[in-house]
Amino acid sequence: MALRQVKLPDIGEGLVEGEIVEWLVKEGDYVKMFQPLVRVLTAKATVEIPSPFEGRILRLLAKPGDVVRVGAPIAEIEAPEVQVATGAPGASDVERVESRESAREALQVPVRAPPRVRKLARELGVDLSKVKGTGPGGVITEEDVLRYAEESKKAAEAPRQPALVEGAVERVPLKGIRRIMASKMVEAKSRIPHAYIVEEVDVTELFKLRDVLRQDAESKGVKLTLLPFIVKAVVKALKEYPLLNASLDEERGEIIVKKFYNIGVAVDTPQGLVVPVIKGADGKGLYQIAREIGELAEKAREGKTSLEDVTGGTFSITNIGSVGTVLGMAIINYPEAAILGVHRLVEVPRYVDGELKPRKIVYLSLSFDHRFIEGAYATRFLLAVKRYLENPAILMASEEEFK
Amino acid sequence: MPLMNMVQALNSALREEMRRNPRIVVLGEDVGRRGGVFLVTDSLIDEFGAERVIDTPLTELGIVGVAVGMALYGLKPVAEIQFIDFIYEALDQLLSEAAKIRRRTGGMYSAPIVVRGPCCGGVRGGMFHSQSPESYFVHTPGLITIMPSTPYDAKGLLKSALRSEDPVVFLEPKILYRTVREEVPEEDYVVPIGKARVAKEGSDVTVVTWGAMVYQALEAAKLVKARHGWDVEVIDLRTLFPFDKDAILESLEKTGRLMVVHEAPRTLGLGAEIAAYVAENAIDMLRAPIKRVTGFDAPFPLVHEKLYMPNVARIYMGLSKLMKY
Amino acid sequence: MVGSRFYSTDWPFREYSLDDIGFDLRRALGLYRVIDEEGEQVGDFDVDVDRLLEMYVYMVRARILDDWLLRLQRVGKVAIHAPNKGQEAVGVGAAMALDGGDWLFPSYRELGAYLVKGMSEEEILDRAIANIDDILRGSEFAVYGKRSVNLVPAPVPVGNQAPHAVGAAMAAKILGHRTVVMAIFGDGATSRGHFHAALNFAGVFKAPVVFVVQNNQWAISLPSRRQTASVTFAVKGVAYGVPSVRVDGNDVLAVYTIAREAVERARRGEGPTLVEAVTYRMGPHTTADDPGKYRDPGEVKLFEKLDPIIRFKKFLYKKGFLDEDQDRRIWEEWSSRIEDTVKKCYNKPPLPVDVILENVYSKPTWNLLEQYEELKESLEIVRELGLEVD
């Protein structure tokens, strides 16, 4: 029998940490290799981590809500020496790496500090493992402890300097998806110079088409909203204006133009904003898109979105505005190139063939990466989307018709 | 107040106490007519007569043994050992008898003799005129061991020894006999046994020392203050047993760094006892390892004695190491 | 040395004769006796009957007590005992020569002397058992003393007390007292440096001290003739300028007479004397010794004939100072008294644990106070763990 540690694996996508959402096993359980252990929320989605070992769970080292860095131990398993590998590649490699790491850990040198210094650290509440020692051989001196305590005090005091909030406040910790959202927004806004264009789209005809299809759709278990039509319109337009379906590799100075169309659709969930992706939207039919939108949204609201669901997007649509204001400027879902905002539908009078008629109007806003997309280009894209939405016949017909 | 060197201070102590207490008797080799080879007992025979200042045959065993007998009967004998290096013949009488009689006789008898003589090095005395054998005495329960470093302390402590009810070994660093002069009162005063003296106050390092090494420590303290701004506290123990542990701990509370300097060889020197006591009872006061700067674990040499004995260089080395913490 | 003449190294050179020694050398080579083996008087004595009977009773008491101490050791009540048997005459004879104010520095085989000087059987037994009334508070085994009668308990290294006796004698002289000091030790002790230093000082300073060498012919397993090449032990004193006499140590009257002479000499200010009392160690060195390993049992049988008590009894009978009935009564009375005392001492409680840290200094030093706390704490744990610590 050997004591092994389960560490938060590097699940890719450049993730560095995750928040424990829910343990799927408890201490004392016997687990098989690859049995799901825990659900971890990453910057992208909630991920299930499987067990790299077979064995008995001895200790869970993190609790729900804890943020754990990749590589940090999250559980201890008492595992038999011979692990039954049930086929997944790399399991034995993981094992060997684990044991080497734990061997190295066992040799770790404890903190070096003389008794008087330890006493002082205890009194000041200083964690000696965080203090850098400047004495001979790296031993910690009294001055080192005092300096650390001083700096910690300053660091703790600093954020309070400009009276961030005056008056009675309630402090709510930033947790879960919201915490991720905070960092994503900062990332997007700071890396991408956003430019915005807006267009008014008359979807009266589109609604007529929807009404025609509604019963048929329902009979097939599909709830048909405006959104699937918009997805189709966007895809069609992206084919014409591919730069909006790209990413900028600043390091190499290259625009990565994607030949696949994964359209992200923002969903407002109780946990916060989630953007599941409709993969290969160009190859999917209207009903299928509608169905997927529904399923993904449902999944997101239940917090069951997988990493798969939220990764790989090339262009995003947000229609939160549809229950909100008539106009807004969305933030691009980095590292995509653009995001289309769909806002509230209003019924307003417009001139049609010289006559004033009630028309269904919706505003579309396009936020785009102005580093490599010019305004005119973006405009032409948006106008294409508009044309498709205002002329559903062209939207619904396949390309072949127009060859 | 007259200026006295240590010999004069000791002579003065003996004279005053012998006047005060008619039971004090001095015995040893050449102490009477010659006045002692270092003149510590000079002219005592003129004032007190040959009955009280006794020239003995050449046997330290006899000198100390007879002194014990005299003390049992009720005299207060001061036995001089011409050079402390020769005390070993007398150890059976000093360690088996003088130290143990009170205990051995259930408290009925005691032998409060004073055994005194010149000790320590620095005068090119070689192996048998330079030793610091204080460990043998400190290690023996029942003895008091004293080593003054100044004329004032020498007189005051010898007086205390002559008034003590316990046997005292009184060690006089011979290099200090004539090299230090200071004002010493002619009136009666005593320096209490068991109390150290802060020779120099400081806040960075505690240096515990005694005898001639006090001066080396003070020199080193001056040097490091000028060079590095370090503030060294020098404690002169004066009484080696029972040593003033409170003074040491009080100082250590301030500084957190301990050094002990002594001429005696390192292994089982008094520095080891002090280090062990501090480590056992005050480890939370230490911010650095304890450093002992001592004579080497070799017999005292004739040549290069200033390198054998702790000198300013070695004390400086030790201080530098301690100040890194 | 040329021929039989002695050269001195004085300046100017001169020759010395035997007269210059100042006393009769032959006394150091002879064997002074008052009574022979059969109890016949062969020398002069000047002691009245009461004193003679006192002498006899002391010897009887010493013998009875010695037997008891041996028995008590065999049952584990006494740690170690150095049997006194056969040497009663030396202890009693020498100690009776002293006045009350005189000091005695014995060693550990003078049971008679302790009784004469003023220790009671009870005090001696309490001391040997080391119970709560032990006058030496459990400090050592087989040594006895009592300050109020100027009896100084012996050091364990033999002969260490010789310089003490000289120092005390010199102190008495300096203070102008008429005190005489006597030291008793064995043949083995004369080989040690302390003996030499003491004799030397005594001779130089004419100290009022009497050295009694109990030559019981054995120092554990070493016979006297291997202890020294000197023809007698008394003759050693001559080398230091100390008048020396050799006496039959199993003749209590002889010992008394010579010791008395020496004490009076000292009191007159004529200086020290060395008395060699030739006797025989009938028993083992101590209860831890087995003389069968090195000694011919036939030799012991021989000396049984020279038993000092029997010899003196014969003398007293012959002189008509004692008869069988009186003798029997003496033995019975003292046997019963001493037995009662033994029983009393046997059941006394032991000394408190504190004694192991007592009397190191006139007042305890800080380290002893700290260690006393540690001792107390350890006692609790001992009790808790049920450790055997006796």
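A polar contact is a pair of N or O atoms within 3.5 Å; within protein, one atom must be able to donate a hydrogen and the other to accept it, and residues adjacent in sequence count only if both atoms are side-chain atoms. By this rule, five residue pairs are in polar contact between chain A and chain B, both residues being at pLDDT 80 or more. The model is predicted, with pLDDT of at least 70 required for local features and 80 or more for side-chain atom pairs, while totals for chains, interfaces and linings use all residues. Residues are numbered from 1 along each chain as its sequence is written, chains are lettered from A and ligands numbered from 1 in the order in which they are written, and side-chain values use heavy atoms, with hydrogens and water left out.

**Interface of chain A and chain B**

- Chain A brings twelve residues to the contact and chain B brings 13 residues, contact meaning heavy atoms within 4.5 Å.
- About 920 Å² is buried between chain A and chain B, and carbon and sulfur atoms give 54% of this area; buried area is the accessible area (1.4 Å probe) that two parts lose on being put together, summed over both.
- Of the area that chain A buries against chain B, 58% is supplied by P115(A), R116(A) and P136(A), more than by any other three residues.
- Two salt bridges are counted between chain A and chain B, each being a side-chain nitrogen of Lys or Arg within 4 Å of a carboxyl oxygen of Asp or Glu.
- R287(B) forms a salt bridge with E142(A), and their closest N and O atoms are 3.3 Å apart.
- On the side of chain A that touches chain B, α2 (115–124) and α3 (142–157) of chain A each supply at least two residues; helices (H or I, at least four residues) and strands (E, at least two) are DSSP runs, numbered from the N terminus.
- The largest share of that side, five residues, comes from α2(A).
- By class, the side of chain A that touches chain B has five nonpolar, two polar and five charged residues; Ala, Val, Leu, Ile, Met, Phe, Trp, Tyr, Cys and Pro count as nonpolar, Asp, Glu, Lys and Arg as charged, and the others, Gly among them, as polar.

**Interface of chain B and chain C**

- This contact takes 44 residues from chain B and 50 residues from chain C.
- The area buried between chain B and chain C is about 3,900 Å², with 65% given by carbon and sulfur atoms.
- Two salt bridges are found across the interface of chain B and chain C.
- D92(B) and R192(C) meet through their side chains in a salt bridge at 2.7 Å, N to O.
- Between chain B and chain C, 23 residue pairs are in polar contact, both at pLDDT 80 or more.
- α3(B) gives the most to the side of chain B that touches chain C, with ten residues.
- That side of chain B comprises 21 nonpolar, twelve polar and eleven charged residues.

**Helix α12 of chain B**

- Helix α12(B) (residues 312–323) has twelve residues and reaches 16 Å from its first C-alpha to its last, the expected span being 1.5 Å times one less than the number of residues.
- Among the buried residues of α12(B) are R314(B), Y316(B) and M323(B), buried meaning under 20% relative accessible area, exposed over 50% and partly exposed in between (1.4 Å probe, protein chains only).
- The buried residues of α12(B) pack against several elements of chain B, including α8 (213–228) and β13 (258–265).
- V312(B) lies in helix α12 of chain B and is partly exposed, at a relative accessible area of 23%.
- The C-alpha atoms of V312(B) and A220(B) are separated by 5.1 Å, although these residues are 92 residues apart along the chain.
- Not counting residues up to four places away in sequence, V312(B) touches Q216(B), E219(B), A220(B) and L223(B).
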